[in-house]
Amino acid sequence: MNRPAITLVGAGLVGALLATLLAQRGFAVEVFERRPDPRRVGYAGGRSINLALAERGLHGLRLAGLTERVMELAVMMRGRMVHHPDGRTELLRYGRDDSEVIWSISRGRLNIALIDAAEAAGARMHFDQRLEAAHFGDAVTLTFHDEADGSTRTHVATSVVGADGAGSALRAAMNAVAPLGERIEPLGHGYKELEIPPLPALPASALSSEQAAAQARGERFAIEPNALHIWPRGSYMCIALPNAEGSFTVTLFLANEGDPSFATIPAPAAARAFFAREFHDALALIPDLEADFAANPIGVLSTLYLDRWHHGGQALLVGDAAHAIVPFHGQGMNCGFEDAVELADLLAERPTACEAVFAEFARRRKPNADAIAAMALENYVEMRDRVDDADFLLMRALDRQLAERHPSLWMPRYAMVTFTRMPYAVAFERGRLQSELLRGFTAGKQRLDEIDLAAVDAAVRTRLPPLPV
């Protein structure tokens, strides 16, 4: 069957993966990207918060044949390493063991790997092409401004997919023709990025054999590498994710207004004083705190909702262009990769029925996008304010015990989201019910041995249907 040409706007993570999957399925794919080719000039795009790669994202990478290359760039994270105000640290595992982990990976390095894969699959890539306008007639006429030489070009397409991020130019063009029901909800908090650099190389004589082997691999981590480090402080927090070469990307999440907030920490000297008071054990690891604080902008955190994701069969939005979320469940990229897999499969089944495919894609994906948006917002409160609370830790302990006692009925919500491809909407609703049960089981209790497990077992069997396979 002849497959139509598909034009993509955006060669970021989702756009590049989608281009690969479509080209592998025999579609003629052209991709237009506003930024220059990162393989030529280095990665210089948008946010650089490290990405947390989980099962949903890994599935897309497997289909693209990229697992081996990508995993060479990733660092395993077993759980959250909580840094308490008194200096104590505590590892809260994500899963049962090392079969249930997530992976920290650099956005830039992953994007380059995906662009290479898209070209190898046959997609045609055009860089330095900023979308200026889209006219919807019998076909879609796209006007691009060449950021390198200042020229203008037009491209006529039958079907266009916008994977151009939260600030999508294609979304703006679609919205101007027929309102999409766009709603942006700011979180009221922003973020600032800092860095824990790798440790300096040491003479082999000063190292153990294990340390020497790690240093030979380029691993010079100043703190535990296989964890997502978190400094929870109530209404704000710091996190640190490992990079393969031994550094950590540190991110301060803080309110935009109030006290403390970015408004009350206007200068690098104030940032140092704030870290000395609130994150004293992290401060010693960030030698360039003042320079990083001054140079790096305050990032914006918000959630994007749309009532409609497509314009007939001519244009469709995917990934952050359709449903940007806050980063606190580590699922933005994973959700976008699920979009790419779902759309590529639907188009492969009905390659000449774009309008029906786009409508079906939105029908399937929107409830899941809304669900992970809600869970990401909930997770921010959990990470900054609850991971060191006694009631939360008791509920978490019971949650894990019930998963062991009832493997066909109970799974922690984090595991449903992170280690399976269960629809987000199903995980959200099932997680809501399980949370209600956990709150009831632990009310007034301080220890697991105070809980009547026989009564809990009976309630679980009565209230919960079997987990979806």
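Guide: We shall discuss strands, salt bridges and a pocket in this predicted model.

Visitor: Let us begin with strand S5. How many of the residues of strand S5 are buried?

Guide: A residue counts as buried when its relative accessible area is under 20%. In strand S5, residues 79-83, five of the five residues are buried, so the strand is largely enclosed by the rest of the structure.

Visitor: In which sense does S5 pair with S6?

Guide: S5 and strand S6 (residues 89-93) pair in the antiparallel sense, over five bridges. Within that pairing, Gly-79 stands opposite Arg-93 of S6. The two strands form a hairpin with five residues between them, and Gly-87 in the turn has a positive phi of about 95°. S5 also pairs with strand S14 (residues 228-232), here in the parallel sense and over three bridges. Ile-230 in S14 is the bridge partner of Val-82.

Visitor: I turn now to salt bridges. Which residue forms a salt bridge with Arg-80?

Guide: Side chains of opposite charge can pair when their charged atoms come close. In this structure, Arg-80 meets Glu-382 in a salt bridge, at 2.9 Å from N to O. This pair links distant parts of the chain, since Arg-80 is in strand S5 and Glu-382 is in helix H13, 302 residues apart. Arg-80 counts as buried at 7% relative accessibility, whereas Glu-382, at 22%, counts as partly exposed.

Visitor: Where do Lys-366 and Asp-370, another such pair, lie?

Guide: Both lie in helix H13, four residues apart, which is about one turn of the helix.

Visitor: Which residues are linked in a network of salt bridges?

Guide: The network links Asp-37, Arg-39, Arg-69, Asp-116 and Glu-119. Within it, Asp-116 forms a salt bridge with Arg-39, with the closest N and O atoms 2.9 Å apart. Asp-116 lies in helix H5 and Arg-39 in helix H2, so the pair ties together parts that are 77 residues apart in sequence.

Visitor: Finally, how much space lies in the second largest pocket?

Guide: Rolling a probe the size of a water molecule over the atoms shows where empty space is left. In this model, the second largest pocket holds about 1100 Å³ of space. Of the 37 residues that line this pocket, those closest to its centre are Asp-399, Pro-412, Arg-413, Tyr-414 and Ala-415. By class, the lining has 16 nonpolar, seven polar and 14 charged residues.

Methods
Residues numbered from 1 in each chain as written. Predicted model: local features only at pLDDT ≥ 70, side-chain atom pairs only at ≥ 80, totals over all residues. Heavy atoms only, no water. Buried < 20%, exposed > 50% of the residue type's maximum accessible area, 1.4 Å probe, protein only. Pairing = 2+ DSSP bridges. 1 Å grid on protein atoms, 1.4 Å probe; cavity = no way out; pocket = protein on both sides within 12 Å on 5 of 7 lines; lining within 4 Å. Points joined across faces, edges and corners; volume = space filled by probe spheres on them. Nonpolar A, V, L, I, M, F, W, Y, C, P; charged D, E, K, R; others polar. Salt bridge = Lys/Arg side-chain N within 4 Å of Asp/Glu carboxyl O.
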